[in-house]
Amino acid sequence: MIFLFTILALVAAAVYCNVVWGRRKLRRMELEAIVARKRADREASIAAAKSSAAKVDVEVRDRIAVMEFAELRDGLQKGEISCLDAVRTFYHKAILANERTNSVCMFIKEAEEWAREWDEKAKEPGFVKPALFGVPFSLKECVPIEGYDQTRGFVQDTYKPTKEDSVMVAHIKKIGGIPYVQTNVPQSLLSYNCANPVFGVTNHPKDKNRTSGGSSGGESAILAADGSVLGIGGDVGGSIRIPCHFTGTAGIKPSHLRFSHRGVCGSVPGRPLINSNDGPMARDIETNVAFLREVWKDDWISQQDPYVPPVLWNEDLYKEGRKYRIGYYVDDGWFTPTPALQRSVLEAKEHLERAGHTLVPFQPPRVPEVMRLFVRAVCVDAGQYLLNKMLNDIVEPTLYAQVAMWMIPVRLQRVLAYVGSVFFPRLGNLMKALAKDTSELRECYAAIEAYRSEFTVLMLDKKIDALLCPSQVMPAPPHDIPSKLFASISYTGIFNLLDFGAGVVNATYVTKDDEEKLEAYPETDVWYKLAKKATKGTVGFPVGVQVAAPPFREEIVLRVLRDIEKAVIGH
Ligand SMILES: CCCCCCCC/C=C\CCCCCCCC(=O)NCC(=O)O
């Protein structure tokens, strides 16, 4: 009887597995068909952009194409450049950048129409051009714009076009900006590479085998490949700052209440305390400042979204010559950066001292605990929302390691943490991170609030206005490294947990001497070995430094970043 029952159970199990397997295979085929359709749509949008770009006079196009932001903006203001020629030129530039980096998701076909409308308005007597009249804007794919998907790299979220612009996009249009392209992101957004099953892998302009960063990796790639001059990214753990560091571009993640979150969907909806924040990205700090000075010049954002306090641009905090007392560190005590990243901070320190700022040593307290709190708060439900999305989609292979972590039951992770702590203490620390219940989540939020108080009181006691530190532990790594080395986001994640404004600017490039010093870099665990291996072969790659300041003081961050930039580029 038992034998018979066993046979029946085995047969039933086999049938069940076959049915499930069959369903999953059918689902996979459905998803792959959607991908094929979406990629065909992208090719059609590229073809339409090419057709539009072909209409601009080549001499005019080539004249506009070499302009940096200020010259382009001023030429549009003076009427020396038409909006239509500008948009068509940037279609052309973005097509070339995309061929090098695969950074484009979709071109925004309405950009031509919006450009014509602005050109017509400019002919009206007495018309006053808005500040960024005709400036083309690139948008990270998850920035809501009417009529376009925000897939976040999920096949399941294609063909669900957004019904209305976010406040950020409405504001860009109001001040004369023209969104013309959507740029790529990693699947789920919760990664600092830039790969997904819908649009593929975005690569670094210098090396197709390395990432441009994430999650605003399409933005950093298109900017670094000269396909855009100004764009909008988003950041909950470093997604503006890490891509800027990897590619030698510049950007800032503001504190979360300076822009509206209405309609904006980050990696995990319903995530309190640690929010994904939109922010500008460009090739230099002054372009970021020109945008922020304009959008924060009045309380228009607060009028659209009452949850945004009317904190206006504070020129006094940004003005040239303003001197600050800046705390600095080259190692947060959790993940020692590779030599070039440490050197970049020490060189930036010297630049700032020569500019008249006061630099004092600073050590962020208890970063291992901060990392546990960050991962717990960012994943919220122990990654269940993200895991469910992933398991109902085609999973991006470069994210397998991270997804695998979410698949291990939390209580098993806790057991493994004790074992792991003997051989791999840092992994053991993070294997205690995911919340097993709401009580732990509540405790996490309480601990974050307490840490914010402790950290800001420490800065007040030391009379520190801002912080200077590494932006990551390594230069741009191969595509598969970020999901294995999410532990390295301690340098950026801490400022999301604190809700500080934080930005990155290029400070130097990896040298042969840095590469030689790498030999002495620790190999005390798998993560250090991965970081060391990923850093080999990066001579000549950009290295950015990070500056952060308490909420609503983004102007201080920008002033310090600008003083570093002036010292590095000479103007
Ligand atoms: C050892 C077990 C740990 C559990 C698994 C952890 C999985 C990884 C968790 C967090 C990774 C953080 C990476 C963050 C990179 C930047 C992401 C970002 O800013 N995205 C923008 C957004 O989410 O909107």
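**Close-up views of a predicted model**

View 1. A backbone N or O atom of glycine 238 lies 3.5 Å from an oxygen atom of the ligand. Taken alone, the ligand exposes 660 Å², and the protein buries 100% of that (areas come from the Shrake-Rupley method with a 1.4 Å probe). On the nitrogen side, a polar side-chain atom of serine 215 lies 3.4 Å from a ligand nitrogen atom. There are 23 residues around the ligand, and Leu189, Val236, Gly237, Ser239 and Ser267 come nearest (a residue counts if one of its heavy atoms lies within 4 Å).

A quick note on the model: it is predicted, so local features need pLDDT of at least 70 and side-chain atom pairs count only at pLDDT 80 or more, while totals for chains, interfaces and linings use all residues. Residues are numbered from 1 along each chain as its sequence is written, and side-chain values use heavy atoms, with hydrogens and water left out.

View 2. Lysine 140 is found in strand 2, residues 136–140, and serine 215 lies in the loop between strand 7 (207–211) and helix 7 (217–224). (Helices, H or I with at least four residues, and strands, E with at least two, are DSSP runs numbered from the N terminus.) Lysine 140 is buried, at 2% relative accessible area, and serine 215 is buried at 1%; buried means under 20%, with a 1.4 Å probe and protein chains only. Their side chains make a polar contact at 2.7 Å (a pair of N or O atoms within 3.5 Å; within protein, one must be able to donate a hydrogen and the other to accept it, and residues adjacent in sequence count only if both atoms are side-chain atoms).

**View 3. Arginine 559 in its helix.** Look for arginine 559 in helix 23, residues 554–569. Arginine 559 is buried, at 3% relative accessibility. Its side chain makes a polar contact with the side chain of aspartate 563 at 2.8 Å. A polar atom of the arginine 559 side chain also lies 3.4 Å from the backbone oxygen of lysine 319.

Terms used
Buried < 20%, exposed > 50% of the residue type's maximum accessible area, 1.4 Å probe, protein only.
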